[in-house]
Amino acid sequence: MSLEVGLATLMLIVFVSGLFSSGTARRCAGMIAAAGLLVLIAASFLLPPAGPGAGGAFVDDGLARFAKRLFLVSTFIGVLASLSLAAEVFSRRATEYYLLMLSSLLGMMVLASARDLILLFVAFELMSVPLYVLSGFLKREPEAIEAALKFFLVGSVSSAVMAYGLSFVYGVAGTTSLPGVAKALGSEPPLLVFGLAAVLAGFGFKIAAFPFHMWVPDTYEAASTPFVAWLSVAPKAAGFVAIFRVYLEGVGDRATLWLPAAAGLAAVTIIGGNLMALPQQNVKRLLAYSGIAHIGYMLVGLAAVSASGTAMVLFYLVVYVFGNMGAFLVVEAVARSEGAEHLGAFRGLAQRSPLLALAMLLFLLSLGGIPFVAGFWAKLYVLWAAAQAGLYWLVLLGAILTVVALFYYLAIARRMYIEAPARPEPIRLHPTLALCVILCALGVVVLGVYPTPLVLAALRAAAPLF
Amino acid sequence: MTLALTALALPFLAFVLQALVPPLRRSGRGAAAVSIVCVGGSLAAAARLWLAPLGAPLVRRWEWIPADGGPLVTVGIYLDPTAQAMLVLVTLVAFLVQLYSLSYLREEPAPALGRYYTYQSLFAFSMLGLVLAPNFVEMFIFWELVGLCSYLLIGFWYERPAAARAAVKAFWTTRLGDVGFVIGIVLLWRATGTFDFEALFGLAEAGRLPAGLALTMFLIYLGAVGKSAQFPLHVWLPDAMEGPTPVSALIHAATMVAAGVFMVTRAFPLFAVVPEVLTIMAWVGAFTALLAATMACVENDIKRVLAYSTVSQLGYMMAAAGAAAPSAAFFHLLTHGVFKALLFLAAGAAIHAVGSSDIRQMGRLFGALPQTGIVFLIGTLALSGVWPFAGFFSKEAVLSAVWDGHLVGPFLMLALTALLTAAYMFRVVFVAFFGADRAGGHPHDAPPLMAIPLWVLGFLTVAIGVRVAVAGGETHHPRGWLTALSLGLAGAGIAVAFVTYQWRVISPAALARALRPFDWMARRRYGIDGAYAGIYRGIILGFAWLIGWIDRYVVDGLLNALSAGTLSAGDLLRRIQNGRAQDYVYGVACGLLALLVASQIWR
């Protein structure tokens, strides 16, 4: 639990720094947060795993550690990228902004360790509520308020559905501790099926599976892009870890109860996400839908119900952190220079800023799943795991829709590399934003050329669930 | 192990430097210096490695593509005496050729020279990687890389249409064999579950290889057919002479074309279990040797004569491998690598001096180019199989192996080839270096930078032969009648060339008339190139037209309908995103309902 305590301490430091500074000086809160996160990342590798705490409700196993590192790294990149936000509101209320990010991170960290349904639900809400506030952070802009309100409304409905479903699970099992639930399941009561489906719907909202995804494009479009880059990866990863806890650790022996629902969810999410991304002209919306499609591929790994499938979802999540955050951050850089987020803003980027265009190309290739960039291994491994589980129809579907995905990813690449630029001057990049883009590009390339250590780490993290 | 890695890494370093630092590449001579220093370092490492003979193969692997239940593919190094010798050959010839090129290509503009050395470095790295590969996947990757370098270097003067065409022809023809190779690799993996040589050899030794591998190994052999220019895929090699002469010496004589033979030698324990494939290999090899030798007899372009002779000698090696004597094949590969590189470089010096590669425009060059003449003569004697030059021993080893394999047909073809080899090579010597006509202009010997590599290779050609003659190699078991036969054949060939082209007792035209059908066919390359061109024009272009029609009207129509359908489906789906929060909540409700139904129905 020491990582969580460290994070809470960091939150207090950020809070106090806000009390003693005013105006634009509050900006230093972001730097404190970034530095603190670096320390926590180091600690997450150095600290030995601790035994279960809080009466077995809180565990610090391999899965939790893996997930926490992922959350910490992605939040670090998110905070670093947010430092480049220029609007006055981000410096005046910087303390709030970073404090909210950190408290949502705390929710994710606890969620990754929660082995009790109540703790899990509380952590889930701790993660979600700051996100609602953050998405409406630009409170003078009506679109942001509208998007935040939609996010909040749909989110609270989903939370209610999930709490309702959890109550059924409790009703059947008679306990809220996950190992207890696993033990108490005797027959297959219909009530449990209902409960599990409702819980999956609640999780489906958080990971933005079709048709629970509707908040995603609106929220992504209206909120500030560095925040969206983080929102598009970290909470989704947290959602998947929670799904693993409930569905594999809790009712993994009864996979037949929820497997059809999960496989069906995977299929419609892949189809829906990819098809809806096709007609988009706004790059942020396009990435929002493409992100939904990626969630579908990860659900394929879940539907494999195997150690390798789960490990490959973890691997996919890490790859997705770098590829998706990188792509969003390039969009931020271009949008800030051009004042527009539509596809046309990318025209001739390769001639204006060759390195930025190359980075974007790497991210797109990774998202599209081209060999020797990280995303290829992620897709390959997930589909492979599904094939081993005999889900050939899902593999076929996933493979076919990869082609559709390439169509819209390469549409961006074509604008960058083939079309002539509207203006000749290069795009000016804020230094911290540039650093984030470099970090993400490095991640995509290194994991593409040498994925072995991460794959093995993911396999180690996933093995105890089975 | 470190030495092998050093030898492999240095050319890669040179390539990366040249590829990523444009000013270095554009400087031309700077790039050349980096390249030569790096490959020289490789040569030193390889030579040091060679001085410490290995007992068992040294293998080192790193995991690359993990999978549950052990990594699917590893990368690493497989070092055995064969690889050691091959390392020395590749680095030595690469080093000498790069040195020679500096003078040979000195009139090229600096950026082109930089490009040339960038490709050369990539080639050296890829070829060394191929030699050291511990499994079929890594070997295939480097196999394709050397193919790519060959393509780039044949087409080095890409503004010449003939060079561009030859590059494409080489690429496509070898690719045809590679299709078989890659399918064979995958089939082998399906049958045995591994790509790794050590594991496969272990299975072969224990006799636990699954039965029915004949087709698999035949497909793998097809890769060697393409790369080592065996009949019927030999057509690309003569055309590959459009590249600069040093490239021909390095890639299309000494190293890359021998990769097929090397692969067969490397994987020989696997070929050994499929005697039917070996028999095919021996017959095809011997036939290739004879066919190419006859074509060499009527060719007037000195480089093309050498190219056909390379095809012919590769046939020799393959025949030896097919006779279950990979060591004889490999021995011939090594000696041939040295003396054929010598011949090409010497021919390059002659072409450089005369300004033409047609032997009829040369003549009496021996007087003008004494150094070039001597080394060319050394190379010719070695290739013709005259004692005590290197070629004599390796050729005898091949013939002896084929005889021991009871392959009478191939043996006869190879013996006839030996006669023809001596004849066509001495035809070149008499016409170009002695002869009656004098070349125009004032040709002079090559500058030192070109002469040194010639003398080094010439010395080695003699030294290897003398060493075997004195010490007796492990591959050399003299057999009286065979020695007499091969010397007799070489002598007869030389005599025929002498009386025809030097003494002119028999006029070449009369000889051609006497052997008219052969002459007629050989001049037309037995119609193979023509047939391919016909196939290409008639069948492939016709097929392409048909496919084009189907593609335009059927597939495109279908795809357009499909993509229009996909796009409109996307558009339709987008409508549900109408921006109203209550509809989003309906979405959640519908989704929950669907999940419930799904989990109730498919239990």
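Okay, let's start with two helices in chain B, α16, residues 326–354, and α21, residues 448–471, which pack at an angle of about 145 degrees with their axes 9 Å apart. Bear in mind as we go that this is a predicted model. The crossing of α16(B) and α21(B) is left-handed.

So who meets whom there? On the α16(B) side you'll find, among them, Val338(B), Phe339(B), Leu342(B) and Leu345(B), and they meet a set in α21(B) including Leu454(B), Leu457(B), Gly458(B) and Ile464(B). By class, that contact has 13 nonpolar residues, three polar ones and no charged ones.

Let's zoom out to chain B as a whole. Its secondary structure comes to 26 helices and two strands. Out of 603 residues, 52% are buried. And if you take contacts between residues at least 6 apart in sequence, 81% of those in chain B join residues at least 24 apart.

How far apart should its ends be? At 1.5 Å a residue, its 19 residues should span 27 Å, and the end C-alpha atoms are 26 Å apart, which agrees. Several residues in α1(B) are buried, including Ala4(B), Leu8(B), Pro11(B) and Phe15(B). The buried residues of α1(B) pack against helices α2, α3, α4 and α5 and strand β2, each from chain B.

A quick stop at Leu148(B), which sits in helix α6 of chain B, residues 136–154. Why is Leu148(B) classed as partly exposed? Because it has 15 other C-beta atoms within 10 Å, and a residue needs 20 or more to count as buried. Leu148(B) is 26 residues from Leu122(B) in sequence, and their C-alpha atoms are 9.6 Å apart in space.

Over to chain A. Here we have 21 helices and zero strands. Buried residues make up 62% of its 466 residues. For contacts between residues at least 6 apart in sequence, 80% in chain A join residues at least 24 apart.

In soluble globular proteins, nonpolar side chains tend to be buried together. The largest nonpolar core in this model has 213 residues, and those with the most contacts inside it are Leu111(A), Ala303(A), Phe315(A) and Val382(A). Which helix gives the most to this core? That's α15 of chain A, residues 307–338, with 21 residues. If you leave out residues up to four places away in sequence, Ala303(A) touches several others, including Leu259(A), Ala262(A), Ala266(A) and Leu394(A). Apart from that core lies another one, of 206 residues, among them Ile36(B), Ala325(B), Ala368(B) and Ala382(B).

Last topic: where the chains touch. The contact takes 28 residues from chain B and 39 residues from chain A. On the chain B side, the elements giving two or more residues are β1, α25 and α26. Which of them gives the largest share? It's α26(B), with 13 residues. By class, the chain B side divides into 15 nonpolar, eight polar and five charged residues.

Technical notes: Residues are numbered from 1 along each chain as its sequence is written. Chains are lettered from A and ligands numbered from 1 in the order in which they are written. This is a predicted model: local features need pLDDT of at least 70, side-chain atom pairs count only at pLDDT 80 or more; totals for chains, interfaces and linings use all residues. Two residues are in contact if their C-beta atoms, placed from the backbone, lie within 7 Å. Helices (H or I, at least four residues) and strands (E, at least two) are DSSP runs, numbered from the N terminus. Ala, Val, Leu, Ile, Met, Phe, Trp, Tyr, Cys and Pro count as nonpolar, Asp, Glu, Lys and Arg as charged, and the others, Gly among them, as polar. A residue is buried if 20 or more other C-beta atoms lie within 10 Å of its own, exposed if 12 or fewer, and partly exposed in between; C-beta atoms are placed from the backbone. Axes are lines fitted to C-alpha atoms, for helices over the stretch in contact, and angles run from 0 to 180 degrees between N-to-C directions. A crossing is left-handed if the near helix is turned anticlockwise from the far one by less than a right angle, and right-handed if clockwise. The expected span of a helix is 1.5 Å times one less than its number of residues. A nonpolar core is a set of buried Ala, Val, Leu, Ile, Met, Phe, Trp, Tyr and Cys residues joined through C-beta atoms within 7 Å.
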